[in-house]
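Reader: Could you walk me through a few features of this structure? I would enjoy a short chat about helices, strands and loops.

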Amino acid sequence: MVDQHEENPHELASAAVVVGTDGTEHASAAVRWAARTAADRGRRLLIVHGLNLPAARATLGVYDVMVPPVSETMRARGSKILTEARALAHGVAPDLSVATKLGEENAAALLTALSVHAHLVVLGATPGMGTIAHLGSTLLAVTAHADGAVVVVRGDRQLTGDRAPVVVGADGSEVGEAAIAAAFAEAAARDVDLVTIHAWSDLSAGEFAGAQYLEIPLENLEIGERALLAERLAGWQEKYPDVTVIRKVYLSGPREHLGDWSQNAQLVVVGSRGRGGFRGLLLGSTSHWLVQHAECPVMVVHPK
């Protein structure tokens, strides 16, 4: 077991919960979630908005020099968005320490830079979004490239209550160790059960049906995969003895099983990359699918 919390800047007392907002309804849901989380953990909340002025100046050219109100209007609108978000956060937690930041850069660059020293970075996502075109460039860039953990809040649906479990996708790889560590910490902080989902194959059930893997005795396969999962969890169960762990091992379809469990979970935790852990990949296919389709907030955890 690798201790992810030793000298971890994301766990320092000074590390704030950082949330991005653009004033939309799904961003407001993210602000409310971030405010509740920051208040529960005794942390500061930092609400940020990126103006993306360089892109505006490139588009406007000399026009902005001749007519300064163009950029001034953008700043005024950004300040209004942050003021409204601060009020929203205080409506959730009146005593919460809230700061705001209006950046000239685009939101993705601003949030990614702040993620280095943030406890969490939080973003909103529109419920029911489908293809990558609807995912949003900011959301995709931050979940792919931020440091530490990024939480994608999907809507503002009231979940099954404070006792709903935390669910983690455990792929059995060293790359996924950070996700397991974060999931145990989240379950402990919330005092709820942790459900670990492990699937031997990343294929869907339909794709798997015609594969030669079925020639392997399934009983032997399940025994081996349960042993692998137990090995990955052992050290963390020692560190968090009060967390009840429910283990689920499946032959295939991690996306589908995690999606099903998200209907009754308060948080799903996944790694930022697949079992291969290639740095060139933006997101593992399972993580990518979940931030588009899960029924509850999704935490994407980046390994050190």
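Author: Axes are lines fitted to C-alpha atoms, for helices over the stretch in contact, and angles run from 0 to 180 degrees between N-to-C directions. Helices (H or I, at least four residues) and strands (E, at least two) are DSSP runs, numbered from the N terminus. Residues are numbered from 1 along each chain as its sequence is written. The model is predicted, so local features need pLDDT of at least 70, side-chain atom pairs count only at pLDDT 80 or more, totals for chains, interfaces and linings use all residues, and side-chain values use heavy atoms, without hydrogens and water.

Reader: At what angle do helices H1 and H4 pack?

Author: H1 covers residues 25–40 and H4 residues 69–92. Their axes lie 9 Å apart, and the packing angle is about 45°.

Reader: Which residues of H4 does H1 meet?

Author: Contact means heavy atoms within 4.5 Å. From H1 come Ser 28, Val 31, Arg 32, Ala 35 and Arg 36; their partners in H4 are Ala 85, Leu 88, Ala 89 and Val 92.

Reader: Which residue in E2 stands opposite Val 18?

Author: Strands pair if DSSP finds at least two bridges between them. E1 (residues 17–20) and E2 (residues 45–50) pair in the parallel sense over four bridges. Opposite Val 18 stands Leu 46.

Reader: Is Asp 191 buried or exposed?

Author: Asp 191 sits in the loop between helix H7 (177–190) and strand E7 (194–199). Buried means under 20% relative accessible area, exposed over 50%, and partly exposed in between (1.4 Å probe, protein chains only). With 53% relative accessibility, Asp 191 is therefore exposed.
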